[in-house]
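The exercises below are meant to be worked with the sequence and the model side by side. Try each task before reading its solution.

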Amino acid sequence: TPAGRRMCPLGWLGVASLCLGTLWAVPAHERRKAEKPKADPTLYGNLDLDNYDLTLDNYGEILDLSNYEELYDYGDLAPKIEVGTLAPRPKDPKSLADPGESTAGTPKLQPPSGAGPVPPAPIPGQGEAASAPPGLPSCLLCLCLGSSVYCDDADLEHIPALPPDTAYLYARFNRIGAVRAGDFSGLEKLKRIDLSSNSISWADADAFRLLPSLQELLLPENRLTALPELPRSIVRLDARLNRIPSAGLRPEAFRDLKQLQFLHLSDNQLDFIPAPLPESLRSLHLQNNNIQTMHEDTFCDTQDHGQIRRALEDVRLDGNPINLSLFPNAFFCLPRLPTGRFS
């Protein structure tokens, strides 16, 4: 009937209102829980986030630095280190130099509070090493890294005072003119001295002889006319490209050096081979000298024809005016013939 049709829309509106009222009657936080999907815990099961919690307590466990020095040989990196004339900035601000009280080349340090006065560092080469705190002068001019001191290309004219625990000194490409007897006094741990490419014209006889641990002495490209005495611990001597004549070597200078393995005296002014040579010798470089003759017992014992000198495998005599074919009995005991002219 027409009246029934008019009542139907009103009925539908009532039902719809009842449904909406029921929906909004649910609390808001329950509706948000229903709308937000839950995360699947299996998605993060393989992530170990504890490993990324880096603190000072577990730093050493995550990064193993115990073999850091074994991975890097600072001796090989020495040519790559650029040496300046300033020391690294100290951690204590009180020990910074006062620019107003310093003169060029002579920095002064402020003593820490409560301590006595610190004597000023002497100019290297002009003061005694004992008058300054240990290790201070050279570490202002050079780079001190552990037991190594790098003074390459630092415009030095003298050997600086070195820390007492110095084992390796690199002072190449400077203007050092001489080596004095006291320059290395008391450095009982010193193993290597590299003074390549300086202007050294003389060295005191005792400049190196009293160093008990010295194994390597490198003096190439200098102006030496005489070779100083060497300690018996020496293993390698390199004095190439100097001006050393045979008269500049002491008689039998190398006989008692029982640990000497490398003797390099090429590009000098030698007139003869400096015999006798120790049995420990492995490499002898005498090229580009003025050697014209040699004795038959220079390398071998002429009375023992069964002798074999196995260690000495590298003998260079090229660039000398000597004809090696005239001395066939001089090297019969060597495992290899010397390098040089045989005609």
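This is a predicted model: local features need pLDDT of at least 70, side-chain atom pairs count only at pLDDT 80 or more; totals for chains, interfaces and linings use all residues.

**Exercise 1. Describe the chain as a whole, starting from its surface.**

Step 1: The chain exposes about 21,400 Å², and carbon and sulfur atoms supply 54% of that area.
Step 2: Turning from the surface to the interior, 34% of the 343 residues of the chain count as buried.
Step 3: The secondary structure comes to six helices and 11 strands.
Step 4: Among the contacts in the chain with a separation of 6 or more, 43% are accounted for by residues 24 or more positions apart.

**Exercise 2. Find the largest nonpolar core and follow one of its residues.**

Step 1: The largest nonpolar core has 58 residues, and those with the most contacts inside it are Phe184, Ile193, Phe208, Phe254, Leu284 and Phe299.
Step 2: Take Phe184 from this list; leaving aside residues up to four places away in sequence, Phe184 touches Ile159, Leu162, Leu169, Val179, Leu190, Ile193, Ala207, Phe208 and Leu211.

**Exercise 3. Classify the ring pair of Tyr150 and Tyr170, and locate its two members.**

Step 1: A pair of aromatic rings is described by the distance of the centres and the angle of the planes.
Step 2: The structure holds three aromatic pairs. In the pair of Tyr150 and Tyr170 the ring centres are 5.1 Å apart and the planes lie at 5°, so this pair is stacked, given that planes under 30 degrees apart count as stacked.
Step 3: Tyr150 belongs to strand E2 (residues 148–150) and Tyr170 to strand E3 (residues 168–170), so that the pair links distant parts of the chain, 20 residues apart.
Step 4: Tyr150 counts as buried because its relative accessibility is 1%, and Tyr170, with a relative accessible area of 2%, is buried as well.

**Exercise 4. Relate a record annotation to the model.**

Step 1: In the model, the end C-alpha atoms of residues 138–168 lie 13 Å apart, and the span is 13% helix and 23% strand.

Terms used. Residues are numbered from 1 along each chain as its sequence is written. Side-chain values use heavy atoms; hydrogens and water are left out. Rings of Phe, Tyr and Trp (its six-membered ring) pair if their centres lie within 6.5 Å; planes under 30 degrees apart count as stacked, over 60 as edge-to-face and the rest as tilted. Helices (H or I, at least four residues) and strands (E, at least two) are DSSP runs, numbered from the N terminus. Buried means under 20% relative accessible area, exposed over 50%, partly exposed in between (1.4 Å probe, protein chains only). Contact means heavy atoms within 4.5 Å. Accessible areas come from the Shrake-Rupley method with a 1.4 Å probe; for residues, only the protein chains shown count as cover. A nonpolar core is a set of buried Ala, Val, Leu, Ile, Met, Phe, Trp, Tyr and Cys residues joined through side-chain atoms within 4.5 Å.
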